[in-house]
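The following exercises concern the structure shown below.

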Amino acid sequence: PVRSAGLDVYKRRMPAPTSSLIVGSFVLLLMGSGVSQAQPAASIEARADSLVQASLLVDGHVDLPYRLNDFYENPADSTVGGDVDYPRARAGGLDAPFMSIYIPPYLQSNPAAATNRADALIDLVEKIATDHPTEFALATSPNEVRQIATTEAVALPLGMENGAGLGGELDNMEHFYDRGIRYITLTHGAHNRLGDSSYDDTEPRWNGLSPFGEQVVAEMNRLGIMVDVSHVTDATALDAIEQSDAPVIASHSSCRHFTPGWERNVSDELIEGIADTGGVVMITFGSSFLRNAYRDRDAPIRDAMNAHIDSMGWAEDSREAVVYEQQTRREHPIGTVQDVADHIDHAVGLVGTEHVGLGSDFDGVFALPEGLQDASGYPALVAELLRRGYSDPAIQQILGANLLRVWTEVEATAERRSE
């Protein structure tokens, strides 16, 4: 639920930007970057749905494990809470959502507790796959994702959100690799032992990566774990880009061009820097990431919702609270599919379609745009890209081919280091 400690304090209640910049689409500038002439309006939605179902769709960041940790319900069936379950994933063509193994910053002061939380959430994902083998399967490599995509199952690769889950021990890198972790978001809502967080309003602790963070990046390269620079400060991201021998990703970040002054989104310089490594920026759907002005629309809705839950005496993890939260979210979308497409346009205009992907942050944010409020909504975004003239191959790159290419290159870097 939105009101609980941990994920919600640092994610769904995370301060959003404070000013607004409305920028129009500039599709004509994208010609030659994998974008074709605008498509006819007729049957765009049908074409989008067919394209999504025929493509391999990888989402860089979904917080289903933490959501189910708070309020468990069967994800193989239709659920009353959150944004992702099997029926909605299939309806939206989602093949491989990276399961976020999220470590709340309040656990950073207790390294053993942080590591235990990571293990517990991995246990939960493993249980999902074991209990529902027709619907879900664990994936630890691009080839496994591709193989699972030939079945009716949804692949569940793993990414650790917040390197605090390592507990400050480099040896834990191999432990979590063996457990299936294939990217690590270096920080989350506060500075940690690896580097500085863009959400922390205190003075920088390291002014970039810490010495331990540099060791972690090197070990990620050695093992074949993707380096994720979402959530970190610009200085930390630039250090990670410089230190990594393998491509770098931003698993769930949008463009700071539309949210000036908000460091959580990536700057044009960082988009270009990530692309220079061969990496990919995965555009997120959360309303606060899309326009600075959306925070002002978000806060009153959450405040009223929380007040109602309090007035009813519902526990935060009760079914009643979860159902009411979901009803409130559905009735109050903030932003549009066009907003998300604007961010894609901007990143593509800077670095081309081959360095852009999708990282929705489903189940990890409160407000989402109309038409993209759950995992069934990917075709609406694809339809908008078709309207803007993106070709089928360009869209397939953005939907998943780019991330699979990066993951393969990270594996190849690890293999070279072992020779």
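**Exercise 1.** How are H12 and H13 oriented to each other?

*Solution.* The model is predicted, so local features need pLDDT of at least 70 and side-chain atom pairs count only at pLDDT 80 or more, whereas totals for chains, interfaces and linings use all residues. Residues are numbered from 1 along each chain as its sequence is written, and side-chain values use heavy atoms, with hydrogens and water left out.

Step 1. Identify the elements: helix H12 comprises residues 294-312 and helix H13 residues 319-331. Helices are DSSP runs of H or I with at least four residues, strands are runs of E with at least two, and both are numbered from the N terminus.

Step 2. Take the axes, which are lines fitted to C-alpha atoms, for helices over the stretch in contact, with angles from 0 to 180 degrees between N-to-C directions. The axes of H12 and H13 come within 11 Å and cross at roughly 155°.

Step 3. Classify the angle: under 35 degrees counts as roughly parallel, over 145 as roughly antiparallel, 65 to 115 as roughly perpendicular, and the rest as oblique. H12 and H13 are therefore roughly antiparallel to each other.

Step 4. Assign the hand. A crossing is left-handed if the near helix is turned anticlockwise from the far one by less than a right angle, and right-handed if clockwise; H12 passes H13 in a right-handed crossing.

Step 5. List the residues in contact (heavy atoms within 4.5 Å). H12 contributes Ile 301, Met 305, His 308 and Ile 309, and H13 contributes Ala 321, Tyr 324, Glu 325 and Thr 328.

Step 6. Sort them by class, where Ala, Val, Leu, Ile, Met, Phe, Trp, Tyr, Cys and Pro count as nonpolar, Asp, Glu, Lys and Arg as charged, and the others, Gly among them, as polar. The contact of H12 with H13 has 5 nonpolar, 2 polar and 1 charged residues.

**Exercise 2.** Is Asn 162 buried or exposed, and is Asn 207 buried or exposed?

*Solution.* Step 1. Asn 162 is found in the loop between strand S5 (158-161) and H7, and has a positive phi of about 105° although it is not a glycine. Its relative accessible area is 0%, so Asn 162 is buried.

Step 1. Asn 207 lies in the loop between strand S6 (181-185) and helix H8 (211-223). Its phi is also positive, near 60°. At 60% relative accessibility, Asn 207 counts as exposed.

**Exercise 3.** Which residues does Ala 190 touch, and with which is Ala 246 in contact?

*Solution.* Step 1. Ala 190 lies in the loop between S6 and H8 and counts as buried at 18% relative accessibility. Not counting residues up to four places away in sequence, Ala 190 touches Pro 105, Gln 108, Ser 197 and Asp 200.

Step 1. Ala 246 lies in the loop between helix H9 (234-243) and strand S8 (248-250), and is buried at a relative accessible area of 3%. Leaving aside neighbours within four places in sequence, Ala 246 is in contact with Asn 221, Thr 277, Val 410 and Thr 413.

Step 2. Ala 246 and Val 410 are 164 residues apart in sequence, yet 5.4 Å apart in space, C-alpha to C-alpha.

Technical notes:
Buried < 20%, exposed > 50% of the residue type's maximum accessible area, 1.4 Å probe, protein only.
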